[in-house]
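Keep the viewer open while you read.

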Amino acid sequence: MTAILLPEPESAVVARREAIVKDLVAILGHASVIGDEDGRLAYETDAFTAYRCMPLAVVLPDTTEGVAQVLAYCHRNGIKVIPRGAGTSLCGGALPAEDAIVIGVSRMNKVLEVDTSARFARVETGITNLAISAAVGPAGFFYAPDPSSQLACTLAGNIAMNSGGAHCLKYGVTTNNVLGVKMVTIDGTVIEIGGAHLDADGYDIMALIVGSEGQLGIVTEATVRILPLAEGARPMLIGFESTAKASICVSRIIASGIVPVAIEFMDRPAIEVCEAFAKAGYPLDVDALLIVEVEGSEEEIADRLGYIAGIAQELGPSSLVISADDAQSAKIWKGRKSAFGAIGRKADYLCMDGTIPLSQLTYVLEEISNICKRYGLGVANVFHAGDGNLHPLIMYDANDARQAERAEQAGADVLRLCVAAGGCLTGEHGVGIEKRDLMRVQFSDVDLAQQMRIKTLFDPQWLLNPAKVFPLDGRPVLAPRASDPAIAAE
Amino acid sequence: MTDILRPAADWELKSMLAQLGAQNMAVEIVGAGSKRGIGHPVQAAGLLTTASLRGITLYEPTELVMSARAGTPVSQIEVELASRGQMLPFEPLDYGVALAAPQGMQTIGAVFATNNSGSRRISVGSARDHLIGLRGVNGRAEIFKSGGRVMKNVTGYDVARALTGSWGTLAVMTEVTFKVAPLPDDIATLVYTGLPEDLAVEMMSLAMGTPYEVSGTVHLTPKHAARIATAPIGGRATSITALRIENFMKSVRYRKGRLMEALKAYGQPMELDLEASLGFWGEMRRLVPVTFSDDILWRVSTSPRKAAELVATLRRHMPVEATYDWSGGLVWIEIPDCADAGAADIRRAVAIAGGHATLIRAREAVRREVEVFQPQAPALEKLSRGLKEVFDPQGLLNPGRMYQTM
């Protein structure tokens with residue numbers, strides 16, 4: 001696929017590759033620099049695998065100081081930088097460039113401090129999301145945001161993308177769970193914002209850093225909020241003959257005054273694939289399945305699930321199953337969390353991530369189905385219904401270039417639909433390169449210019465992850481490559 | 001310019017700011033003006049209020065979302081929410097009692113512009129955590145939007161959230177969109193009396209570490225506790241420590257019992273029922289413990305672990321009354337009037353404990369001289385200054401309100 005344009009690499013930088021690698025080795029030592037082709041190959045893409053590019057070099061510093069030294073070096077020499085966590089971005093957020101150095105934080109994965117009385121953990125950001133919960137779990141705590149990739153993805157990536165997850169309906173997303181950061185700016189300055197206290201002082205710069213897709217700096221340490229584990233949690237499965245009924249059910253649950261920890265939605269194609277994979281007991285004869293989870297003591301759970309079942313019964317569900325035990329609960333969640341992987345074994349897919357107002361759910365799902373039909377492609381839907389964050393998986397054959405192109409076009413149409421319905425392009429995956437050229441669908445030039453001024457404030461030369469987030473034309477720095485039709489026309 | 005500017009629409013605000021810009025004339029930005037007494041007095045000839053930008057523009061109870069124009073009074077918003085069994089979960093404070101300013105006037109825009117959150121912040125997050133979108137006009141007289149009306153949105157930089165707590169110095173909000181939450185069916189409060197501060201903070205932290213979703217934890221030293229009127233705890237001369245549990249009725253009963261059991265080493269608490277709980281936490285929201293007087297009032301944000309120690313350190317230099325909220329993460333510190341408002345000692349203590357201090361109440365002459373907001377480290381100050389330039393390069397909006405030279 002070549003639909004998304006990337007900037008022309010600076011040939012002068014690429015030509016100096018050998019010397020640059022030597023410099024990096026002098027700064028960090030051999031053990032932290034990957035300069036050979038085989039080594040770099042492992043970093044040529046992220047989870048948005050349709051796009052690949054060999055980076056100039058890869059460095060894996062062990063310390064904040066190491067990151068600072070490399071950034072200062074890149075700043076002095078005008079070399080671009082691609083920050084990288086575990087490379088699980090679904091939008092090409094960690095896609096390298098030929099003239100850029102990848103700085104990976106994966107070796108900085110220590111837990112530095114856990115304070116259960118003040119309820120925070122201070123960690124290096126190369127730690128995986130799940131490892132934070134594992135570290136505080138024995139003390140009865142957990143770290144709330146739970147993206148599906150939590151086994152692999154790093155906190156650094158979660159911070160860059162403001163990651164969410166199934167349980168953020170109750171606990172919020174990354175930005176609501178980070179108390180403080182230590183960040184290195186492009187000139188190698190180390191700044192600290194916030195800390196073990198609840199609200200940082202001054203302007204809310206942390207709000208800009210979380211979700212800035214590695215464009216404002218590299219966060220090497222973070223203080224995150226940890227929460228006491230609930231006494232218990234249990235999901236129930238509610239199957240409906242139509243998505244319309246399922247969506248009414250979601251609205252009624254929320255309107256009734258209950259905010260479950262999660263309300264997940266799957267349509268028929270998704271149910272079939274996930275059930276085949278996880279054997280979770282999903283009903284196979286329904287068009288829409290809700291997984292609704294509540295927390296509390298046994299009695300509280302029974303009470304709340306009973307109440308929710310009452311709401312569902314009024315709508316005449318095709319099936320209604322309350323998880324019998326922890327083993328079944330685990331299977332139910334295994335099915336949901338492995339949905340992308342399970343569908344990926346069947347077909348290549350593009351995973352969309354638009355969010356819509358819940359009231360538009362039925363209409364939007366119908367339209368998504370129509371759009372995909374128009375392009376002759378299959379679609380499966382698995383998403384966070386409680387917060388309207390959709391994940392249509394548009395299936396295609398990656399070996400068929402024309403089909404791949406149609407999939408991208410269908411994806412763009414789906415996202416335009418989400419914005420038109422009052423929603424947004426991306427709820428938790430980020431813009432990256434994938435949605436970069438759609439930003440004008442959601443934002444005016446004034447909105448984008450204001451955001452880009454913030455980028456310029458932190459990174460005047462636009463060296464940090466530059467090809468992402470903002471459309472290439474209309475930038476203060478970094479012109480699109482000459483083959484860009486907009487330029488060719490001039 | 002002596003007239004008060006009252007824009008009633010985005011475009012009108014835009015043209016006003018364009019004109020001010022052309023004349024290079026700074027302006028003080030207010031909602032209802034109930035928090036004008038906080039911060040440095042603004043150095044501006046003109047005054048602009050969002051009070052005419054009024055009205056709820058979107059309310060979807062089934063999506064837990066509301067949009068309102070910035071000048072809409074919070075009281076109006078809460079009435080509307082209550083009619084559908086919902087609330088502002090972060091329970092913004094009313095500073096009227098503490099500042100001898102009008103009560104019940106605060107606008108929703110000001111709530112977000114000052115990131116104003118009350119006791120429930122400890123469990124559900126702050127105002128900034130609930131803001132999901134806004135429209136506004138920046139100091140360049142540009143109308144912009146950020147975020148939207150959906151709960152999850154990572155499209156572009158989170159400019160909306162970055163404007164929370166900026167006290168009108170970066171942009172003027174015209175419309176805000178925020179998350180709301182269902183009202184709890186039942187509330188109970190456990191009140192422990194006579195605990196010393198360190199034990200109280202320890203107990204509150206312990207309570208927050210249980211799975212019972214405690215949604216409010218405060219400790220009041222005796223003088224502050226004496227200002228509480230709600231029976232049966234009103235008018236006592238001992239310290240009080242209160243823990244709030246909110247949920248459906250069966251759950252509240254169950255959790256109350258479990259919590260008392262977990263905290264039995266700290267004594268036998270009094271129990272407040274729903275009505276008394278509403279009374280007490282209502283008084284907390286109105287900052288009754290720090291009712292207006294000549295005393296200086298500081299708001300200190302620190303790690304709960306350090307809170308009691310910080311106050312003890314200060315007591316070596318001055319008499320201190322304190323109200324601890326957020327299980328000790330927020331301390332309202334009241335000290336007798338003095339020349340520098342105690343800034344030197346308080347800033348030193350905060351520097352050791354970590355966190356930050358804001359001067360909330362002092363004579364205007366004092367607020368003119370003392371740094372009201374926490375002075376920042378040089379690298380961070382440079383970014384703050386840069387951010388001000390990004391949004392308001394001419395320095396038209398609330399100059400000097402947060403930092404004297406910004």
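Two strands pair if DSSP finds at least two bridges between them. Helices (H or I, at least four residues) and strands (E, at least two) are DSSP runs, numbered from the N terminus. This is a predicted model, in which local features need pLDDT of at least 70, side-chain atom pairs count only at pLDDT 80 or more, and totals for chains, interfaces and linings use all residues. Residues are numbered from 1 along each chain as its sequence is written, while chains are lettered from A and ligands numbered from 1 in the order in which they are written.

**Sheets of chain B**

Strands of a sheet pair through backbone hydrogen bonds, either parallel or antiparallel. Start with the open sheet of three strands, ordered β1-β3-β2 in chain B, where the pairing is parallel. Its edge strands are β1 (4-5) and β2 (27-30) of chain B, and each pairs on one side only. β1(B) runs parallel to strand β3 (residues 46-49) of chain B, and two bridges join them. Across that pair, Ile4(B) faces Leu47(B) of β3(B).

Chain B also has an open sheet of five strands, in the order β4-β5-β9-β7-β8, with antiparallel pairing. The edges are β4 (56-60) and β8 of chain B; each has a single partner strand, so one side of each lacks a neighbour in the sheet. On average, neighbouring strands of this sheet are turned by 15° against each other, direction ignored. Helix α1 (residues 10-22) of chain B packs on the sheet. α1(B) touches β7 (131-138), β8 and β9 (171-179) of chain B, and its direction makes about 45° with that of β7(B). Contact here means that the C-beta atoms of two residues, placed from the backbone, lie within 7 Å. β4(B) pairs with strand β5 (residues 65-69) of chain B in the antiparallel sense, over four bridges. In that pair, Leu58(B) stands opposite Ser67(B) of β5(B).

**A buried strand in chain A**

How many residues of strand β3 (residues 80-84) of chain A are buried? Five of the five are, so β3(A) is largely enclosed by the rest of the structure. A residue is buried if 20 or more other C-beta atoms lie within 10 Å of its own, exposed if 12 or fewer, and partly exposed in between, with C-beta atoms placed from the backbone. Lys80(A), Ile82(A) and Arg84(A) point one way from β3(A), and Val81(A) and Pro83(A) point the other way. β3(A) pairs with strand β4 (residues 100-104) of chain A in the parallel sense, over five bridges. The bridge partner of Lys80(A) in β4(A) is Ala100(A).

**Helix pairs of chain A**

Axes are lines fitted to C-alpha atoms, for helices over the stretch in contact, and angles run from 0 to 180 degrees between N-to-C directions.

| Helix pair | Axes come within | Crossing angle |
|---|---|---|
| α2 (residues 17-28) and α4 (residues 64-77) of chain A | 10 Å | roughly 150° |
| α14 (residues 361-374) and α15 (residues 401-420) of chain A | 10 Å | roughly 160° |

α2(A) is therefore roughly antiparallel to α4(A). Likewise, α14(A) and α15(A) are roughly antiparallel to each other. Angles under 35 degrees count as roughly parallel, over 145 as roughly antiparallel, 65 to 115 as roughly perpendicular and the rest as oblique.

α2(A) passes α4(A) in a right-handed crossing. A crossing is left-handed if the near helix is turned anticlockwise from the far one by less than a right angle, and right-handed if clockwise. Asp23(A), Leu24(A), Ile27(A) and Leu28(A) of α2(A) make the contact with Gly66(A), Gln69(A), Val70(A) and Tyr73(A) of α4(A).

The crossing of α14(A) with α15(A) is right-handed. Val364(A), Glu367(A), Ile368(A), Ile371(A) and Cys372(A) of α14(A) meet Ala410(A), Asp413(A), Val414(A), Leu417(A) and Cys418(A) of α15(A).

**Where the chains meet**

The contact takes 72 residues from chain A and 65 residues from chain B. On the side of chain B that touches chain A, α15(B) gives the largest share, seven residues.

Phe373(B) lies in the loop between α14 (364-369) and α15 of chain B. Is Phe373(B) buried or exposed? Phe373(B) counts as buried, with 22 C-beta neighbours inside 10 Å. Not counting residues up to four places away in sequence, Phe373(B) touches Asp201(A), Gly202(A), Thr358(B), Met402(B) and Tyr403(B).
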